[in-house]
Amino acid sequence: MTVTMRAVTVFLLSALLPLSCSHGQDPFAWLYGPQSQRFGSLQADTTGGCPDECDCPPSFPVAMYCDGRGLTAMPTIPSRVKYLYLQNNAITAVSDSALVNATNLVWLMMHHNQLTSDAIGKKAFMQLQGLERLYLQHNNLTGFPSNLPRTLRDLRINHNKIEKVTAADLEGMDNLTILYLHDNAVTDMGTSLKALKSLTLLDISSNKLTKVPEALPENLHQLYLESNSIDSLPDGFLGRFTQLQYVRMAHNQLTDKGIPANTFNVTGLVELDLSYNKLERIPPVSTTLQHLYMQANHIKEFTLGSFCSVVDVTNFSKLQTLRLDGNEISRQDIPTESTLCLRLASSIEV
């Protein structure tokens with residue numbers, strides 16, 4: 001460094017020091033001080049408007065956490081918020097204007113509150129044109145809220161008091177892939193599921209259904225119907241589902257008479273649960289099935305033909321789990337040839 005440059009540097013520092021000393025501050029403190037000192041103005045911008053009863057982390061300004069705060073009413077929601085957590089409160093109503101500023105919402109978590117259908121405005125969700133995930137489980141709803149966003153991908157409305165589902169409730173929901181509707185009081189679904197072209201998981205267990213809903217979506221991967229009062233299945237029940245892997249129908253009223261021939265003899269199924277029904281025979285199943293649960297029925301004989309019509313080196317059942325306990329057969333009823341047919345079964349419980 002030249003003598004001239006050194007002189008300039010000393011002059012600049014000497015000019016700054018008196019100014020800083022007069023305020024008792026280090027003029028360069030902003031360089032190595034806390035981040036809040038360096039970027040305080042930016043943080044103020046992102047946290048502005050956050051309700052006192054909620055948290056809006058500066059590091060994640062598009063989220064607002066209001067869960068478990070004892071809230072009885074909806075807080076004011078800044079327009080920037082995309083992820084809103086309101087679960088585990090005592091909120092009783094959502095007015096038409098409660099979400100008017102929250103047009104950017106992607107997730108809305110309102111499970112475990114005290115919402116009733118009458119207290120949700122018909123236009124409450126209408127402005128949420130980008131909403132993908134809506135959790136309303138564990139409330140006191142007797143029906144689906146009106147005008148739910150057609151952008152929804154994941155809708156959880158289980159553990160409520162819903163008795164009926166209409167076509168209008170789910171109309172236009174082409175993007176919905178997950179629907180949890182279990183633990184309600186649904187007796188009829190009509191053709192409400194017909195529009196759900198993208199649905200892969202449907203859980204309508206623990207309701208009051210007496211028959212399988214009509215027009216089930218063809219892209220289903222998982223179908224849960226247990227704990228209803230279904231006593232029979234329609235012809236071709238599973239024939240058109242090319243991607244269905246898991247079917248659970250435990251705790252129903254199924255009888256042999258109510259199951260058409262070869263209903264479950266379809267390729268693709270991985271798991272089939274028919275436990276706690278009134279079956280007296282093992283229905284024929286596909287050789288590709290891996291897990292079969294038939295416990296607590298009235299099965300009186302072990303029919304090997306239900307698993308293998310032909311047995312050789314290349315033709316055998318892929319079954320790994322078979323439960324037959326709680327029926328009217330014993331291990332002595334299992335023929336010795338079953339070791340060839342069921343060669344992959346790690347355990348057979350009788």
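Which residues does Phe307 touch, not counting residues up to four places away in sequence? Here are some notes, starting there.

1. Phe307 touches Ile282, Val285, Thr287, Leu292, Phe302, Ser317, Leu319, Leu322, Cys341 and Leu342, leaving aside residues up to four places away in sequence. A contact here means heavy atoms within 4.5 Å.

2. Before going on, a word on what you're looking at: this is a predicted model, where local features need pLDDT of at least 70 and side-chain atom pairs count only at pLDDT 80 or more, while totals for chains, interfaces and linings use all residues. Residues are numbered from 1 along each chain as its sequence is written, and side-chain values use heavy atoms, with hydrogens and water left out.

3. Now the overall picture. The protein chain has six helices and 13 strands; these are DSSP runs numbered from the N terminus, helices being H or I of at least four residues and strands E of at least two. Of its 350 residues, 42% are buried, with buried meaning under 20% relative accessible area, exposed over 50% and partly exposed in between (1.4 Å probe, protein chains only). Among contacts with a separation of 6 or more, 41% come from residues 24 or more positions apart.

4. Phe307 turns up again in the largest nonpolar core, which has 87 residues. Leu99, Leu108, Leu292 and Phe307 are the ones that touch the most other members. Such a core is a set of buried Ala, Val, Leu, Ile, Met, Phe, Trp, Tyr and Cys residues joined through side-chain atoms within 4.5 Å.

5. On to the cysteines: there are three disulfides, each a pair of cysteine sulfur atoms within 2.5 Å. Counting bonded cysteines along the chain, the pattern is 1-3, 2-4, 5-6.

6. Cys50 pairs with Cys56, sulfur to sulfur 2.1 Å. The link is right-handed, with 85° about the S-S bond. Both ends are buried: Cys50 has 19% relative accessibility, and Cys56 has 9%.

7. Cys54 is joined to Cys66, again by a disulfide, with S to S at 2.1 Å. This one is right-handed too, at 110° about the S-S bond. Cys54 sits in the loop between α4 (40-47) and β1 (63-65), and Cys66 in the loop between β1 and β2 (83-85), so the pair ties together parts 12 residues apart in sequence. Cys54 is buried at 5% relative accessible area, and Cys66 is buried at 0%.

8. The disulfide of Cys308 and Cys341 has its sulfurs 2.0 Å apart. It links distant parts of the chain, 33 residues apart: Cys308 lies in the loop between β11 (291-293) and β12 (321-323), Cys341 in helix α6 (residues 338-341). The torsion about the S-S bond is about 85°, so this link is right-handed. Cys308 is buried at 7% and Cys341 at 0%. Remember that Cys341 is also one of the residues touched by Phe307.

9. Last, the largest pocket, with a volume of about 160 Å³. Its lining has 13 residues, with Asp256, Ile259, Ile282, Pro283 and Pro284 nearest the centre. Ile282 is another of the residues that Phe307 touches.

10. On a 1 Å grid over the protein atoms alone, a pocket is an open set of points where a 1.4 Å probe fits, with protein on both sides within 12 Å along at least five of seven lines, and lining residues have an atom within 4 Å of a point. Grid points are joined across faces, edges and corners, and the volume is the space filled by probe spheres set on them.
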